[in-house]
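Okay, thanks for coming, everyone.

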Amino acid sequence: MKALSSSGSATPDAAPLVAATERPDAARGAVSAQHLARLRSRFGQDFLWGVATSAFQIEGAVAVDGRGPSIWDTFCRIPGAIVDGSNSDVSCDHYHRLEADLDLIASLGVGAYRFSISWPRVQALGRGAWNRAGMDFYRRLVDGLQQRGIAAHATLYHWDLPQALQDSGGWAARDTALRFCDYAQHVAREIDGIAAIATVNEPWVVATLGHESGIFAPGIRNRATAMRVSHHLLLGHGLALQAMRSSGYRGALGIVLNQSPVHPATDSDADRSRALLEDGLTIRWYMDPLFRGAYPHDVLDHLGSDAPPVEEGDLRTIAQPLDYLGINYYTRSLASASGEPPQHGPQVELTDMGWEVYPQGLTELLLRLKRDYALPPLYITENGAAFRDTIEGGQVHDAPRVRYLLAHIAAAADAIDRGVDLRGYFVWSLFDNFEWASGLSKRFGIVHVDYQNLQRTPKDSALMLRQFLRPCADPVAAPSGLRDTP
Ligand code: FCB
């Protein structure tokens with residue numbers, strides 16, 4: 001196993017908090033090391049720590065070894081669709097750097113890696129022939145993780161639909177749910193050793209941002225279409241779960257939802273009812289069919305004729321028992337009846353996405369889910385933040401990200417203390433990568449990627465994670481970002 005510095009990147013050598021010569025036992029960064037140890041001790045030994053990515057955002061190699069085009073490849077070609085005009089043709093070039101990237105992941109000391117499988121890489125057209133080279137890539141990925149003692153957590157659909165399926169109706173067509181089921185079954189049967197499979201990542205984003213606001217691929221703007229898409233994604237999830245179980249897959253099966261507590265922007269009745277509706281559209285629209293076998297009535301009333309056609313038996317299929325539920329949490333959302341974007345006071349810290357840093361929302365969300373639903377074990381499958389990092393002398397002092405991560409990890413511990421069955425936490429993201437409509441302009445990684453030469457440089461947040469997870473590992477200089485933490 002190689003160390004951080006051996007993956008083609010420079011090891012930061014930040015100034016120590018306490019000179020090593022004065023405190024040889026504590027090595028460097030004594031104060032923060034204690035803080036990290038205290039925080040770590042709030043989680044059980046079995047708690048799973050991981051880092052997350054998705055195929056389209058990191059792999060590059062879009063026209064290599066038989067991969068077919070996806071809706072995101074197409075979307076990137078629409079002028080103005082991606083804010084910086086970039087695309088993911090190369091991004092982190094992970095496809096060609098698999099072994100070194102696996103070494104980098106291993107050097108962080110994580111127990112799991114969450115990645116996604118690119119459907120058009122394993123089945124170029126989304127139906128018909130399977131692409132052997134694509135399947136082999138994911139076999140090598142899973143084998144490589146196993147060899148390094150890291151659990152493979154795969155997501156089957158992280159938004160990169162084969163373009164050919166979009167051409168025949170995309171997720172608005174019920175048939176796409178059946179195609180997805182075939183794809184899921186094939187992957188679960190043919191790739192050994194995947195510890196956990198999530199069917200769909202964030203169906204709300206696919207439906208609403210992809211088909212109602214149109215700011216994500218495939219760029220459609222029609223609410224009725226968006227709602228059909230949401231139903232077909234859930235149906236595809238349920239069908240895939242059944243198929244994977246019946247074909248003998250023995251790992252854990254789940255789905256990943258993006259969720260934020262929705263707060264009214266003011267105390268007015270209008271804002272309160274808007275918050276309730278948005279809670280319905282974003283959280284209950286997905287949680288209720290999955291865990292109660294029904295769509296929420298208030299949302300159905302609100303949608304009227306835009307509600308999706310639901311066939312006999314669909315809801316039973318969707319409400320399959322889950323082995324786990326993945327939650328992606330970034331921020332809270334504020335609802336205002338006027339539709340005005342929320343005004344944040346000067347005391348509020350915003351990330352580079354303009355998202356409020358609101359760690360207590362994670363605790364609130366988890367407690368609310370526990371209160372309202374009969375849940376399987378939970379995982380935080382994504383949590384992290386974009387900030388404007390600068391790299392200087394091979395170091396990235398991303399103190400705001402370090403603070404963000406530690407505050408959210410503490411918020412997760414608060415939820416566990418109050419009875420939430422939370423089993424794991426994945427940082428979004430391992431790498432700076434292609435952030436969808438924001439292109440390469442937003443950096444979420446704990447590892448910096450230079451898009452000119454593709455060099456990887458662990459940021460202070462990566463060093464913090466490594467120290468958090470493996471306090472006894474070879475001393476690494478205390479990340480300077482930790483100086484600001486309590
Ligand atoms: C989530 C996505 C992930 C990434 C983060 C910032 O919605 O699942 O791919 O873009 O947001």
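**A walk around the chain**

So, the overall picture: the chain has 16 helices and 12 strands. Its radius of gyration is 22 Å, close to the 23 Å that the globule rule gives for 486 residues, so we have something as compact as a globular protein of that length. Keep in mind that this is a predicted model. Along the principal axes, the C-alpha trace spans about 70 × 55 × 45 Å. Buried residues come to 51% of the 486. And if you take the contacts with a separation of 6 or more, 77% of them are between residues 24 or more positions apart.

Let's go to a helix pair. How do H8 and H10 pack? The angle between H8, residues 175–190, and H10, residues 223–246, is about 35°, and their axes are 8 Å apart. The crossing is right-handed. On the H8 side you'll find Phe180, Cys181 and Ala184, among others, and they meet a set in H10 including His232, Leu235 and Leu239. By class, that contact has 11 nonpolar residues, 4 polar and no charged ones.

The peptide bond joining alanine 217 to proline 218 is cis, with omega about 5°. There's also a cis bond between tryptophan 428 and serine 429, with omega about 10°. That serine 429 sits in the loop between S10 and S11 (447–449).

H14 covers residues 360–372, and its 13 residues reach 19 Å from first C-alpha to last, close to the expected 18 Å. Which residues of H14 are buried? They're Gly361, Leu362, Thr363, Leu365, Leu366 and Leu369. The buried residues pack against strand S9 (378–382), helix H15 (399–417) and strand S10 (422–428).

Alanine 61, in the loop between H2 and H3, has a phi near 45°, positive without being a glycine. Leucine 454 has a positive phi too, about 65°, and its place is the loop between S11 and S12. Leucine 454 has 16 other C-beta atoms within 10 Å, so it counts as partly exposed.

Last stop, aspartate 267, in the loop between S6 (262–264) and H11 (269–292). Buried or exposed? Aspartate 267 has 7 other C-beta atoms within 10 Å, so it's exposed.

Terms used. Residues numbered from 1 in each chain as written. Predicted model: local features only at pLDDT ≥ 70, side-chain atom pairs only at ≥ 80, totals over all residues. Helix = DSSP H or I, 4+ residues; strand = E, 2+ residues; numbered from the N terminus. Expected span 1.5 Å × (residues − 1). Buried ≥ 20, exposed ≤ 12 C-beta atoms within 10 Å, placed from the backbone. Contact = placed C-beta atoms within 7 Å. Axes fitted to C-alpha atoms, helices over the stretch in contact; angles between N-to-C directions. Left-handed = near helix turned anticlockwise from the far one by under 90°. Nonpolar A, V, L, I, M, F, W, Y, C, P; charged D, E, K, R; others polar. Rg over C-alpha atoms; globule rule 2.2 N^0.38 Å.
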